[in-house]
Amino acid sequence: RIPVPARRMDTSTSFLISYGLPDGHAQSEMTAYGYLAVSLKKRWMWIVAALLVLAVAFSRVYLGVHFFTDILGGWFTSVLILLAFTQLEPRVTRWIAPKSIGVQIGALVAVCLMLIAVLIGVRSIVGGVIDPATWPVQGGPIDPRNANQLISDLGLFFGASLGLMLMQRTRGFEVKGPWGQRAARLALGAIGVLVIRFGLGA
């Protein structure tokens, strides 16, 4: 990951707190819309996806927050993610689904540990990179080497995956029922989200 364009410091209308390569916006947009296009298998969706991906890429360069090489890096990473989801995920699901809950949780823990190892490796690679001297005086929270967000995302991945495993072994998620029951579910879910949101922020 390399620093974002220098002109971002004085002329950009956006503010970033991380390195520029790869561009996370280009990566996430191509991953999301690319997966929709692959799933729907409709020509119009491919066209819409391509236009949106190109529009986001253009906006990142136009705003001065990324080089074009950052865009290419984001697209390359997105292709790897799409290949993993479309080619590897079905095979992994067929293999892990019949296993016991203990094996599934063990595999999930192993994946999380592997991702942590990758994080440690990346941090060691960028350890020798010298950040721009102007960053500390920009007045913003520029701390690209802070791993808190990545660890939080990893925790979210672990919790969501574990919840999916447990849900598949029970009755699953039922959306049918009387409207009063649906409203109660919605209220309970909203309360849970608020508790987590403000509880973690305390």
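This is a predicted model: local features need pLDDT of at least 70, side-chain atom pairs count only at pLDDT 80 or more; totals for chains, interfaces and linings use all residues.

Trainee: How many helices and strands does the protein have?

Mentor: Helices (H or I, at least four residues) and strands (E, at least two) are DSSP runs, numbered from the N terminus. Here there are 6 helices and 0 strands, and the order from the N terminus is α-α-α-α-α-α.

Trainee: What share of the residues counts as buried?

Mentor: Buried means under 20% relative accessible area, exposed over 50%, and partly exposed in between, with a 1.4 Å probe and protein chains only. Of the 202 residues, 21% count as buried. The protein exposes about 13900 Å² (Shrake-Rupley method, 1.4 Å probe), and carbon and sulfur atoms supply 72% of that area.

Trainee: At what angle do the axes of H1 and H2 cross?

Mentor: Axes are lines fitted to C-alpha atoms, for helices over the stretch in contact, and angles run from 0 to 180 degrees between N-to-C directions. The axes of H1 (residues 24-40) and H2 (residues 43-62) come within 9 Å and cross at roughly 175°. H1 is therefore roughly antiparallel to H2, a label for angles over 145 degrees. Contact means heavy atoms within 4.5 Å; the residues making it include Met30, Tyr33 and Leu36 of H1 and Trp46, Leu52 and Val53 of H2. By class, this contact has 14 nonpolar, 1 polar and 2 charged residues. In that count, Ala, Val, Leu, Ile, Met, Phe, Trp, Tyr, Cys and Pro are nonpolar, Asp, Glu, Lys and Arg are charged, and the others, Gly among them, are polar.

Trainee: Which residues form the largest nonpolar core?

Mentor: In soluble globular proteins, nonpolar side chains tend to be buried together. A nonpolar core is a set of buried Ala, Val, Leu, Ile, Met, Phe, Trp, Tyr and Cys residues joined through side-chain atoms within 4.5 Å. The largest one here has 5 residues: Ala26, Val53, Ala57, Ile71 and Trp75. H2 and helix H3 (68-96) are the elements that give two or more residues to this core. Leaving out residues up to four places away in sequence, tryptophan 75 touches Ala26, Met30, Val53, Leu54 and Ala57.

Trainee: Is phenylalanine 76 buried or exposed?

Mentor: Phenylalanine 76, in helix H3, counts as exposed at 53% relative accessibility.

Trainee: Where is glutamine 104 found?

Mentor: Glutamine 104 is found in helix H4 (residues 101-125) and counts as buried at 6% relative accessibility. Beyond its neighbours within four places in sequence, glutamine 104 is in contact with Ile96, Ala97, Lys99, Met165 and Arg169.

Trainee: Which residues does leucine 154 touch?

Mentor: Leucine 154 belongs to helix H5 (residues 148-168). Not counting residues up to four places away in sequence, leucine 154 touches Cys112, Leu115 and Ile116.

Definitions and conventions
Residues are numbered from 1 along each chain as its sequence is written. Side-chain values use heavy atoms; hydrogens and water are left out. Angles under 35 degrees count as roughly parallel, over 145 as roughly antiparallel, 65 to 115 as roughly perpendicular and the rest as oblique.
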